[in-house]
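Here are my notes on this one, written to be read with the viewer open. Take the points in order and find each residue as you go.

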Amino acid sequence: MKNANNLPLLAAGVVALAVQLQAANWPQWRGPEFNGSSPERNLPAQWSKTENVKWVADLPGVSAATPAVWDNHVFVTAAVRERQELLAIAVDRRTGKILWQQKVSDGFGQDNRSTYASPSPVTDGKTVWFFFGNGELAAFDFNGKKLWARNIQRDYGAFAFLWTFSSSPLLYNGRLYLQVLQRDVPVNGRGRRDGPNESYLLAMDPATGKELWRHIRPSDAREESREAFSTPIPHTHAGRAEILIAGGDCISGHDPATGREFWRWGTWNPQRITHWRLVPSPVAAQGVVLACAPKGGPVVAVKLGRNGVLSDKEVAWQSEDRAVSTDVSTPLYYQGRFYVLNSDRRTLSCLEPLSGKVLWTGELKGRSKIEASPTGADGKIYVMNHSGEVFVVAAGDTFNLLATIPMGGEAEDRDLRSTIVPAYGNLFIRTGAKLYCIGK
């Protein structure tokens, strides 16, 4: 017969084991499934800046990057205005203690809307890679030792962007990818003058940073519409793996091994408007991939598995409701539905993937616009607005706003764009200069 005094300890151990068994890492910007979702369970729907807070880490600077989580490490970046430094940081997932921080580069930003610390880190459980908008790319081991570093601008020419470049790196099937979709001529003095300003997909050896190949990606877009701040997304359909790229008025699928273009479709911009820079990344599911036109433009679902230059016959559907649009936020695919966050209208829409039927559109009332991308986990959708208000919405075929939780309020809490990360039974929320670990 078991000792009754040991039953609480036994129960606690069973709960802890259950949490570990269903825990999932969040290795890069759009998570383990590359679509903004996670299999995490037992996540909170209610908390505050003091309730259900396991720890709060004070960070030395601001960042719009999304944390990467692997086992007991949480990786974040920071841009420190006072010292003009860009930092790579590792935080202990269990305690919030800063394990190490390393200066990667001098710098802070080039405009008043963002910093160089917007791209998100990526990890495979042994190495973590950090990229910054000034072109610095560096790899560290989990103890903070720098393994290699290079500068993409120095190696391939100055970036030709009006705003601060902020695509995140992608780690997939043993390769490290980075896309640079930019103008073909310099802008405001930025860009190459000694050669062509090419847009490209770059594949590197993760162990050394050396180039494996660089695929030039042409575009018919004009001026700012050539600029993309999206991130390449991998997807496998009908046995064929692809790297999906959106920007330059078109979306394309590429061979992960060579960069060769399988197909492309365009355009959401038939009038060739010159100021339609693109921010949302692709998201794919159920045989279609979403390309999201900016500035109130439509969401277009393109059929996967095709080859060559596609006609509009390969478009499965296009949104007609102007509420179903996103200028900045990347849509979420979760539990068989697409969720599209309208950054400016502050609404969230639930769509059927195959038909594009809008099941609901709900309003996220808050004090500021929303540019972060939504996360799906434990039957809930989490998203944060510019001022740090977190919205919790029930996933499903009816709109149900579960909570609105203020997490901001400090001087650094403005223009917040970090995605909320679910991992190991907790939520990791990056505000201006703090990292919160939220859990029951």
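1. Start with a charge over a ring: R30 has its charged end over the ring of W29, 5.2 Å from the centre of that ring. You'll find another case at Y200, where R214 lies over the ring face at 4.7 Å from the ring centre. Keep in mind that this is a predicted model.

2. The whole structure holds 18 aromatic pairs. Take F130 and F140: their ring centres are 5.9 Å apart and the planes meet at 75°, over the 60 degrees needed, so we call the pair edge-to-face. F130 belongs to strand β7 (residues 127-131) and F140 to strand β8 (residues 136-141), so this pair ties together parts 10 residues apart in sequence.

3. F159 and F161 make another edge-to-face pair, with 6.1 Å from centre to centre and 85° between the planes. F159 is buried at 5% relative accessibility, and F161 is buried at 1%.

4. Look for a cluster as well: ring pairs link F75, W100, F130, F140 and F142.

5. Finally, the pockets. The largest pocket has about 690 Å³ of space and a lining of 32 residues, with S166, V279, V328, E371 and R417 nearest its centre. That lining splits into 9 nonpolar, 14 polar and 9 charged residues.

6. The second largest pocket has a volume of about 500 Å³. Its lining has 26 residues, and V62, R81, F108, T115 and R414 lie nearest the centre. By class, this lining has 10 nonpolar, 8 polar and 8 charged residues.

Methods
Residues are numbered from 1 along each chain as its sequence is written. This is a predicted model: local features need pLDDT of at least 70, side-chain atom pairs count only at pLDDT 80 or more; totals for chains, interfaces and linings use all residues. Side-chain values use heavy atoms; hydrogens and water are left out. On a 1 Å grid over the protein atoms alone, a cavity is a set of points where a 1.4 Å probe fits but cannot get out, and a pocket is an open set with protein on both sides within 12 Å along at least five of seven lines; lining residues have an atom within 4 Å of a point. Grid points are joined across faces, edges and corners, and a volume is the space filled by probe spheres set on the points. Ala, Val, Leu, Ile, Met, Phe, Trp, Tyr, Cys and Pro count as nonpolar, Asp, Glu, Lys and Arg as charged, and the others, Gly among them, as polar. Rings of Phe, Tyr and Trp (its six-membered ring) pair if their centres lie within 6.5 Å; planes under 30 degrees apart count as stacked, over 60 as edge-to-face and the rest as tilted. Helices (H or I, at least four residues) and strands (E, at least two) are DSSP runs, numbered from the N terminus. Buried means under 20% relative accessible area, exposed over 50%, partly exposed in between (1.4 Å probe, protein chains only). A charge sits over a ring if NZ of Lys or CZ of Arg is within 6 Å of the ring centre and within 35 degrees of the ring normal.
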